[in-house]
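Please read them alongside the model.

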Amino acid sequence: MSHPTSTNRIAKLMQTERIYLRPFDITDVDAYYPSLFEPEMRKQTGTQASFIRSQVEKYVESLAQDDSRLNLLIALQNTDEIIGDVALMDMHAKNRSAHIRIAIDQPAHQGKGYGSEALLLMLDYGFGIANLHRIELDVFAFNERAIHTYEKLGFQREGVKRDMLYYNHQYHDAILMSILEHEFREKHLKIDK
C-alpha cells in the first residue's frame, strides 16, 4: 500500500491512536482483493463465494452509491496498512436499526484489540451520528473469540439461528446479538448531564 503524500492525503473518518477508518477507493482493490482468500478469515465470516477482481472493483464502486450502508477500511496509524474492514449495513431510518460486521483479514493482526477499537468507532458513529437505536450482528457459534469480544463491548445474545451456515462438511449455528443505544452510552460514554 502506498503512503500518503501531500497531494494524496488519506481521509481518516474516525480514528484512535492505533487505527483509523477510511472510505474505500478504487485504488484499494489491489490490497483488498487478496484478503478475500485468507482461509481463517473466510471461515470466521462464513465466506463461501469465490470472487474475481472485476467483481470486487464493481463492489467497491457501488459502496459510494449505497445510502443504506457505511463500509470502511481499517488501517494502522503508523503504517497505513489496511488490516480489515467494518460496515454498518441495512441501516433503516424508520426503525433506527442496522446490522454491523467486521473482518480483520490476517491472523497476525487478530487478537490485538484492533477489531474492538474499530467496532467502538462504528458503534459511536451509529448511535451518535446516524441516530440508530439498535445495532445487531450474527456470529457463528464456533467463533468464540469474536463472541467474547462482542459481549465485552456490550452486545447481548438474543437467540440462535440453527444450522445457518454449511461450511467444511457440517452445519453451524449463528448467534444473533445486539446492542441498544442506551446500553452503548452507559457502558462507553461519560456524558455530563
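Which residues does UniProt give for the feature "domain: N-acetyltransferase"?

1. The unreviewed UniProt entry places that feature at residues 19–182; UniProt positions follow the numbering used here, and annotations may be inferred rather than shown by experiment. Residues are numbered from 1 along each chain as its sequence is written. The model is predicted, with local features needing pLDDT of at least 70 and side-chain atom pairs pLDDT 80 or more, while totals for chains, interfaces and linings use all residues, and side-chain values use heavy atoms, without hydrogens or water.

2. Over residues 19–182 the chain is 30% helix and 37% strand (DSSP runs: helices H or I of at least four residues, strands E of at least two, numbered from the N terminus). The end C-alpha atoms of this stretch are 26 Å apart.

3. Eight strands form an open sheet with mixed pairing, in the order β1-β2-β3-β4-β5-β6-β8-β7 (two strands pair if DSSP finds at least two bridges between them). Its edge strands, β1 (14–15) and β7 (156–167), each pair on one side only.

4. Within the sheet, β5 (residues 97–104) and β6 (residues 134–140) are parallel, paired over three bridges. Ala-98 has Ile-135 in β6 as its bridge partner.

5. On the helix side, Ser-116, Leu-119 and Leu-120 in α4 meet Thr-149, Tyr-150, Lys-152 and Leu-153 in α5 (contact means heavy atoms within 4.5 Å). The residues of this contact divide into four nonpolar, two polar and one charged (nonpolar: Ala, Val, Leu, Ile, Met, Phe, Trp, Tyr, Cys and Pro; charged: Asp, Glu, Lys and Arg; polar: the others, Gly among them).
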